[in-house]
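Subject: Handover of a structure and its findings

Dear colleague,

Please find the structure below, followed by an account of what was found in it.

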There are 2 protein chains.
Amino acid sequence: MSTKQAGGGKGVTPQSEDFSAWYNELVVKAELADRGPVKGTMIIRPYGYRIWELLVAELDARIKATGHDNAYFPLFIPEADLRREADHVEGFAPELAVVTQAGGKELEEPLVVRPTSETIIGRSMAKWITSHRDLPLLLNQWANVVRWELRPRIFLRTTEFLWQEGHTAHADRDEALAEMRTALGFYEEVARDVAAMPVVPGEKTPGERFAGAEQTFSIEGMMRDGRALQAGTSHYLGTNFATAFDITYAASDGSLTLCHTTSWGMSTRMIGGVIMTHGDDKGLVLPPRLAPHQVVLVPIGRGEALDAVVAAARDLAADLSARGVRAHVDTRDASPGFKFNDWELKGAPVRLELGPRDLEAGTTVLARRVDGSKETVPLAGLADSMPALLEELQQRTLDRAREFRDANTASVEDWDSFVGQVAEGFASVLHCGRPDCEDDIKAVTAATPRCIPIGWPEETGTCIRCDAPSAYGQRLLFARAY
Amino acid sequence: MSTKQAGGGKGVTPQSEDFSAWYNELVVKAELADRGPVKGTMIIRPYGYRIWELLVAELDARIKATGHDNAYFPLFIPEADLRREADHVEGFAPELAVVTQAGGKELEEPLVVRPTSETIIGRSMAKWITSHRDLPLLLNQWANVVRWELRPRIFLRTTEFLWQEGHTAHADRDEALAEMRTALGFYEEVARDVAAMPVVPGEKTPGERFAGAEQTFSIEGMMRDGRALQAGTSHYLGTNFATAFDITYAASDGSLTLCHTTSWGMSTRMIGGVIMTHGDDKGLVLPPRLAPHQVVLVPIGRGEALDAVVAAARDLAADLSARGVRAHVDTRDASPGFKFNDWELKGAPVRLELGPRDLEAGTTVLARRVDGSKETVPLAGLADSMPALLEELQQRTLDRAREFRDANTASVEDWDSFVGQVAEGFASVLHCGRPDCEDDIKAVTAATPRCIPIGWPEETGTCIRCDAPSAYGQRLLFARAY
């Protein structure tokens, strides 16, 4: 990992002063990403891309372990294909990028740059599925997609982003619904156990569904400014795409039957989620499982003394690597103070400071990023104990995020409390379920229904806004969202 | 890996009858890929994509181990950026796909869908490099690229393909040349040790260089029809892109100096190379390191006897997996004969046939795809010996390809022999180096200079075609090429 182009040392605007400025400055100064030359595009720099690779490896392993096969479908979709599912094209039309010239000529039919791949994959499903023996068909692809964004934000809303999109076909509704929940389970697990994000899984209200879906589920994380981030979605598409693309199978009795399909995706948006769930005024705080460098060793000293320290640091880094720890020795020509700040900015979970006197005493100063603690520890046995310490810090990072979320989530029973709560965090409320009431709430408070959480207790009553009878048979979460 | 949509059983046109038909049928019947709805695009199916994933893992590990960092740059390049390097835009202009509409509006400036990323990465290099301490800058990205092809061919020439593209910046020419050779070394090694392709590394003649390069090196493989496939390229770009994008650094004496850059790529074309290097009239022959299923177990029998066989096959597959072998039990509802043909078509290196009598005798029939041999072997110890057998088959696959290549490569000294040789394979010749003589040879024989092989002995004389004095101080290879 190149760390030569140091962006650190100058700090970032405090979160409390301007959260948005904090985020934008941090993304650039921590060398996660840059803006691309075309508006709304991003350049994911090595440090940010490594976080993505670590996330991909974890999610891909779960997708494969459950019998899904990776494949790759074309970037370009014939415009006519996209029009075959009416709700779908209506939802995506305003965001499309269109190729009209290729090979030096005007194309007879414009090509849409995929915003998502239900249509082009539906076409292949129709071709590949004949009989019930071909089901379920469980596909996934890792790809870039393009959605033209009017208000782009690096990682959160970019005109091009990277993601995986699962696409599956099933014999009936129940199997497809179970698949949708399986995929949602991947996302909840990866968010919690890898990204240390204590997300809330639940169903979207009808107004927030994916274009063309019968049901949409999501995971919702809380950012440090109290806003929600939708960090992964899973859709039950019913027979909508099967009807549009003729995805049918011969049942065991020979009858031709429509498949039930699902789709589900998680994207580079997750990197934004990690930044805003854990970061603080000093910069990023990376959970160890997503940290490009879990342990950064900073050698301190001059001349020959420094040489000995660097050699010792390299030996220790090798010991750590042998134990599966991603260790990095920072030998840049810069002051220790600059390096300390830089690795705080970049969120390395553990920093080891090693000088000539430490070496003599057989100790090192160990700094933990997540809680800012610093202590002198013996070098002997340090490599052996590091994996357990990283696990502890992973858990601490999750716990801290959960405490923050819980402290900023409240059940509210009246409109004034609701307005106050959604200005700070998540509000758990009863709602009538009417789209125009949702719109009204959004117009007044900027809050939207995030999800109807899975597994919450049954409850009925009256709507927080309009006093009509509540829907869903339980509370749901409202919040301002990214 | 889903194997439910069996395309096999019907065989393919023999290579000797129509090599092109053999290839096209095999790609589809072995379920490697399908044609996409837009001309020239391909759908990489799970079986084909898994081969790609295995190749990616091997190449990516080598790229990372040598200090290169992965990153991701945008798909869309402003048209004006592409024009900043004159040779580059001239070379790529005929192949560009252009986005002219986005978000429901005509764009003010058209966007080119990247055909390669020297320009957009050059822009970032200029921003990130300030001092000699920022060098070398060693970047790589895994991405899709688009080049509009008039005569598309799945894997070999598709309008969209997947690849990695390395882009590096250096302080001087020597470092950049060394980097170019390092990357060429990845390709040679991955081709040889992973894909079992005995490629020839060498330099391209000036007429075959990458648009914008000072020097281009490639690896050239021989396909079973005697044609060459360029399977990876590495370019020294001199200061051409550094000049166009202002990629400069302050040298240690403070003087502002242009960087020397390189770029290098290997793509999904390699899958086509594997197919055509090893395949035969029965179908694919996969080298074990690229085989999605290295060992396929086919249980034989009926009723309860089959249940016992399937259980034994699953146990054996688990033992194989525990030893790092990719094993697959084929439990499809189809005849053993169908399955044998299907796995020959799909090129599984080892097939184990297991019936009730085998089980009783403690044996299994082991079929080796690369040489078609079949023998009865004891089940005891089979899992333990399988990794070594797979290594042996990997080597056998490489040896067989090398024997074929050597048998179809000849030094020729006169024009008639040349014409005969390039109709069958590679011709090693002296050539004058004049582009118009190359064009003449191509017009008459369809053969082109493939490369000036590295490490070949010095030799001078007269041109095979025009009798002018030879160039390069050594022989080079001519062949018809994909």
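Two residues are in contact if their C-beta atoms, placed from the backbone, lie within 7 Å. Among contacts in chain A between residues at least 6 apart in sequence, 68% join residues at least 24 apart.

This is a predicted model, in which local features need pLDDT of at least 70, side-chain atom pairs count only at pLDDT 80 or more, and totals for chains, interfaces and linings use all residues. Residues are numbered from 1 along each chain as its sequence is written, while chains are lettered from A and ligands numbered from 1 in the order in which they are written.

Chain A as a whole

Chain A contains 14 helices and 23 strands; helices (H or I, at least four residues) and strands (E, at least two) are DSSP runs, numbered from the N terminus. The radius of gyration of chain A, 25 Å, is close to the 23 Å that the globule rule gives for 482 residues, so chain A is as compact as a globular protein of that length. This radius is taken over C-alpha atoms, and the globule rule is 2.2 Å times the number of residues to the power 0.38. The C-alpha trace of chain A spans about 80 × 60 × 45 Å along its principal axes.

Of the 482 residues of chain A, 53% count as buried. A residue is buried if 20 or more other C-beta atoms lie within 10 Å of its own, exposed if 12 or fewer, and partly exposed in between.

Strand 5 (residues 97–102) of chain A pairs with strand 5 of chain B in the antiparallel sense over 5 bridges; two strands pair if DSSP finds at least two bridges between them. In this pairing, Ala102(A) stands opposite Ala97(B). Leaving aside neighbours within four places in sequence, Val99(A) is in contact with residues including Phe76(A), Leu107(A), Val98(B) and Val99(B).

Strand 15 of chain A

How many residues of strand 15 (residues 295–299) of chain A are buried? The count is 5 of 5, so strand 15 of chain A is largely enclosed by the rest of the structure. In a regular strand the side chains alternate between the two faces of the sheet. Val295(A), Leu297(A) and Pro299(A) point one way from strand 15 of chain A, and Val296(A) and Val298(A) point the other way.

Strand 15 of chain A runs parallel to strand 16 (residues 327–329) of chain A, joined by 3 bridges, and Val296(A) stands opposite His328(A). Strand 15 of chain A also runs parallel to strand 17 (residues 350–354) of chain A, joined by 5 bridges, with Val350(A) as the bridge partner of Val295(A).

Local backbone features

The peptide bond from Leu135(A) to Pro136(A) is cis, with omega near -10°. Pro136(A) lies in the loop between helix 5 (118–128) and strand 7 (137–146) of chain A.

Yours sincerely
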